[in-house]
Amino acid sequence: METRVLQIDPLEDVRYIYQQAANLLAEGELVALPTETVYGLGADAFNAEAVARIFEVKERPSFDPLICHISRARDIYEIAEVPEALQDIVTELTMKFWPGAMTLVLPKKDCVPDVVTSGLPTVACRVSSNDVMRRVLRLLGSPIAAPSANIFGHISPTCAAAVVTELGGRIPLIVDGGACAEGLESTILEPCIDEKGNPAVRMLREGPVTREMLRPICRVIRPKKVSGRQKALLAAATDELKEAGEEPAPVAPGQLLCHYAPSKPLVLCAPRDKFELTEGLRYGLISYQGESKLAMQGCWDEMLVLSPGNGRMTEAAIRLFAMMRTMDENEEIDVIVVEELTEGGIGCAMMDRLRRASAGRAPKA
Ligand code: TXA
Ligand code: MG
């Protein structure tokens, strides 16, 4: 299949691009669309067959549910039931963080096909702040189910070129809306009632809406524990699972140990530590500011700096996935070393992704 890439040029009349995207979606095709977090691979959420193709194209296991994008907060009531006890907290969260990088998991309505939620009784809902996504949503008139536009387990794409690398030849259209403004996947929250009877949120995935931002509104609690067996099943993931004929029960997201992984080994190292090199391997470093003891070690075949100068974590977050990709594609590098980041604010989400990316394979000479 030929994949067209259509670029949104703010100086041109690009309405025909939005219309083409909406038409393709209405015909049951898949279209990659920008959001402020990462690019999404969209399908009409009410078309079960189209949604099933998302799993095929991404090679995603059927037990991993998708996020439903809606164009405005009040559309949440079209796809989800908001229990009375959670009304206030849901309103407060959506007023504060939508449109934006927050996904809410709520009991689903029957109109949402089971394939979207992998059979779960809940649906993940999000209003993106990206203008392209919202215009296409309005033209289509249904929610768009869209996971990140990458092959399952790979690094999420933060620009159209990365989507081409991941899904080129598999989908008819990629709408190029430029680089993503946030660069990390949305924070996933499940509103709930805590043991004291107060509204709270379970943080199912860390992201741009941080614990610090949520704390003034409500308590943030950890997701329920996944059993050891389930973790083992999830880590073995897709193919082996399919071969064994096992379909584990769907669980909360972000619990696949090895996720967001480059194809090369990725190692984390503290900025003040000395990195122990293995003879015969070539190393690329991704450093926060490029000024740490680690960065100064002088053994790096390549070094990329997330936020040169004063160092801003938000800038680092926007660039992290793109730099992991650049290192992964650099043929002169065997191992990617990433400097550990401070775990406050968005740093928590970044370290979460990096730990998962480093849980892949050990470097071999
Ligand atoms: O920023 C984002 O969230 C991007 C953009 C495209 O919106 N999307 C994204 O989708 O990261 P994806 O599929 O890569 O990750 C969504 C996560 C999955 O790990 C899935 O397990 C979880 O959301 N999820 C979806 N529905 C859920 C549900 N009903 N309960 C718990 N987790 C759910
Ligand atoms: Mg993803």
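Contact here means heavy atoms within 4.5 Å. The model on screen is predicted.

**Whole chain**

Start with everything shown. The chain has 365 residues, and 56% of them count as buried. Its secondary structure consists of 11 helices and 15 strands. Of the contacts with a separation of 6 or more, 66% are between residues 24 or more positions apart.

**Helix H10**

Select residues 313–329. This is helix H10, with 17 residues and a reach of 24 Å from the first C-alpha to the last, close to the 24 Å expected at 1.5 Å a residue. Now look along the helix for a kink. Where is the kink in H10 centred? It is centred on Arg319, with an angle of about 40°.

Show the side chains of H10. The buried ones are Met313, Ala316, Ala317, Leu320, Phe321, Met323, Met324, Arg325, Met327 and Asp328. As background, an α-helix has 3.6 residues a turn, so residues three or four places apart point the same way.

Two helices are among them, H7 (160–167) and H11 (346–358). The cover also includes strands E12 (266–269), E13 (283–287), E14 (302–305) and E15 (335–339).

Move on to Asn330, in the loop between H10 and E15. Is Asn330 buried or exposed? Its relative accessibility is 18%, and because the cut-off for buried is under 20%, Asn330 counts as buried. Select Lys264 and Glu302 as well: leaving aside neighbours within four places in sequence, these are the residues that Asn330 contacts.

**Aromatic pairs**

The chain has 3 aromatic pairs. In the pair formed by Tyr260 and Phe321, the ring centres are 6.2 Å apart and the planes lie at 15°, so the pair is stacked. Tyr260 sits in the loop between helix H9 (228–244) and E12, while Phe321 belongs to H10, so the pair ties together parts that are 61 residues apart in sequence. Both partners are buried: Tyr260 has a relative accessibility of 4%, and Phe321 has a relative accessible area of 0%.

Now select Phe275 and Tyr283. Their ring centres are 5.2 Å apart and their planes are at 70°, so this pair is edge-to-face. Phe275 is buried at 9% relative accessible area, and Tyr283 is buried at 3%.

**The open sheet**

Hide the side chains and return to the cartoon. An open sheet of 11 strands can be followed in the order E1-E8-E2-E3-E7-E4-E6-E5-E9-E10-E11, with mixed pairing. At the edges stand E1 and E11 (219–221); each has a single partner strand, so one side of each is left without a neighbour in the sheet. In general, strands of a sheet pair through backbone hydrogen bonds, either parallel or antiparallel.

- E1 (residues 4–7) runs parallel to E8 and is joined to it by 4 bridges. Gln7 has Asp176 of E8 as its bridge partner.
- E2 (residues 31–33) also runs parallel to E8, joined by 2 bridges. Val31 has Leu173 of E8 as its bridge partner.

For an antiparallel case, select E4 (residues 67–69) and E7 (residues 144–145), which pair over 2 bridges. Which residue of E7 is the bridge partner of His69? It is Ile144.

**Last stop: Leu204**

Finish with Leu204, in strand E10 (residues 199–205). Leu204 is buried, with a relative accessible area of 11%. For a distance to check in the viewer, pick the C-alpha atoms of Leu204 and Ile221: they are separated by 9.2 Å, and the two residues are 17 residues apart along the chain.

Note on methods:
Residues numbered from 1 in each chain as written. Chains lettered and ligands numbered in written order. Predicted model: local features only at pLDDT ≥ 70, side-chain atom pairs only at ≥ 80, totals over all residues. Heavy atoms only, no water. Expected span 1.5 Å × (residues − 1). Bend = angle between axes of the 7 residues up to and from the residue. Buried < 20%, exposed > 50% of the residue type's maximum accessible area, 1.4 Å probe, protein only. Pairing = 2+ DSSP bridges. Phe/Tyr/Trp six-rings, centres within 6.5 Å; stacked < 30°, edge-to-face > 60°.
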